[in-house]
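The sequence and structure are shown first, followed by notes grouped by topic.

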Amino acid sequence: MDLKQIRYFVAVAEERSFTAAAERLNITQPPLSRQIQLLEETLGVQLIERDSRPLALTEAGRLFYEQSLQLLKRVEQIQIATTRVGQSYQQQVSIGFVVSTIYSGLPSFIQKFRAAYPNTRLQFVELTTAEQIEALKSGRIDIGFGRVRMYDSAITRVTLHEERLALAIPASNPLATESGPVPLGVLNKQSLIVYPSNATPSFADYVLNVLHDKRIFPDEVHEVQSIQTALGLVAAGIGYCVMPTGARVRSDLHYRLIAEDEKVSIPTIFSHRKNDSSWYIKAALQMADKLYQDRPELLEPEYGFKP
């Protein structure tokens with residue numbers, strides 16, 4: 001069974017005559033009849049009642065006609081879409097991202113990429129780093145911008161830059177009276193807010209593991225799903241939050257860098273399927289690298305903090 005036979009059958013079904021269908025298809029009647037016969041032999045059922053005038057479809061023929069129309073319509077859509085891509089080089093690239101990358105370079109990357117490749121449509125999917133790995137392998141996304149170091153043999157990961165961490169402090173807290181770097185030890189026996197709570201491994205795991213390794217034990221740990229919720233709870237005086245320096249999105253909080261000798265940071269990681277040679281992989285990676293080279297405030301995320 002091939003598309004030619006399906007098109008021949010549709011013509012016969014709509015014209016209700018082999019003669020009229022042959023004229024419509026600009027062929028002679030014998031090869032048309034032979035192709036319909038071969039189609040019926042392939043399917044193992046009779047599609048046309050040949051003794052009726054005009055021709056009528058069997059029950060199986062009616063079902064096959066309805067399905068054939070849908071198939072031919074889909075083939076036409078595929079042809080149109082393929083031609084459009086070939087003529088305009090238009091392509092869709094799906095980008096997975098974690099929320100915090102919005103505050104550390106992703107918007108600038110998007111603007112530059114769209115300007116450089118205006119015929120390429122970008123689709124954005126908010127995913128945790130772990131979810132991005134699975135989405136890349138399933139083909140749901142094409143590239144990812146994550147924050148957590150994870151190994152998977154099917155994925156290539158490139159660290160774009162390391163971002164120092166800061167402590168978000170309620171404005172009324174005594175720690176808000178100073179602006180210099182602060183040691184992680186101030187979190188001992190305090191209330192801590194971490195995020196996200198719906199993924200493992202996560203940034204929350206990283207923060208808690210660092211504190212545990214340094215024998216720093218908060219009295220309370222509140223786990224929430226997003227950085228926005230975490231900072232909202234800080235503003236409410238519930239506790240402190242360790243966060244990327246670029247994510248200072250609330251003006252009612254005080255922010256202090258984590259002391260440099262604590263050696264804590266969070267990466268921005270570019271990920272794609274291993275051995276994927278699609279043009280946009282190289283283009284996106286080169287553009288992201290250049291972005292951080294050209295933007296000192298992204299290379300030095302402590303920009304804006306007082307020493």
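A pocket is here an open set of grid points where a 1.4 Å probe fits, with protein on both sides within 12 Å along at least five of seven lines; a cavity is a set from which the probe cannot get out. The model is predicted. In it, the largest pocket holds about 340 Å³ of space, and a search of the whole structure also finds two cavities of 30 Å³ or more.

**Largest pocket**

- The lining comprises 23 residues, and those nearest the pocket centre are Val98, Val99, Thr128, Pro196 and Gln225.
- Helices α6 (129-138) and α8 (227-235) are the elements that give two or more residues to this lining.
- By class, the lining of the largest pocket has twelve nonpolar, eight polar and three charged residues.

**Thr129**

- Thr129 belongs to helix α6.
- With a relative accessible area of 9%, Thr129 counts as buried, because the cut-off for that class is under 20%.
- A polar atom of the Thr129 side chain lies 3.0 Å from the backbone nitrogen of Arg147.
- Beyond its neighbours within four places in sequence, Thr129 is in contact with Val98, Gly146, Arg147, Val148 and Met150.

**Strand β5**

- Strand β5 (residues 143-146) is covered on both faces, with Ile143 and Phe145 buried on one side and Gly144 and Gly146 buried on the other.
- Strand β3 (residues 91-97) pairs with β5 in the parallel sense over three bridges, and Gly96 has Gly144 as its bridge partner in β5.
- Strand β11 (residues 265-273) pairs with β5 in the antiparallel sense over four bridges; here the bridge partner of Gly144 is Ser271.

**Largest cavity**

- The largest cavity contains about 50 Å³ of space.
- Its lining consists of Leu165, Leu184, Leu187, Tyr206, Val207, Val210, Leu211, Val242 and Val264.
- Helix α7 (residues 203-213) gives the most to this lining, with four residues.
- The nine lining residues of the largest cavity are nonpolar, with no polar and no charged residues.

**Second largest cavity**

- About 40 Å³ of space lies in the second largest cavity.
- Thr101, Ser104, Gly105, Leu106, Phe109, Phe145, Thr268, Ala288, Leu291 and Tyr292 form its lining.
- The elements giving two or more residues to the lining of the second largest cavity are α5 (106-116) and α9 (279-294), and α9 provides the largest share, three residues.
- This lining divides into six nonpolar and four polar residues, with no charged residue.

Conventions. Residues numbered from 1 in each chain as written. Predicted model: local features only at pLDDT ≥ 70, side-chain atom pairs only at ≥ 80, totals over all residues. Heavy atoms only, no water. 1 Å grid on protein atoms, 1.4 Å probe; cavity = no way out; pocket = protein on both sides within 12 Å on 5 of 7 lines; lining within 4 Å. Points joined across faces, edges and corners; volume = space filled by probe spheres on them. Nonpolar A, V, L, I, M, F, W, Y, C, P; charged D, E, K, R; others polar. Buried < 20%, exposed > 50% of the residue type's maximum accessible area, 1.4 Å probe, protein only. Polar contact = N/O pair within 3.5 Å; in protein donor to acceptor, adjacent residues only side chain to side chain. Contact = heavy atoms within 4.5 Å. Pairing = 2+ DSSP bridges.
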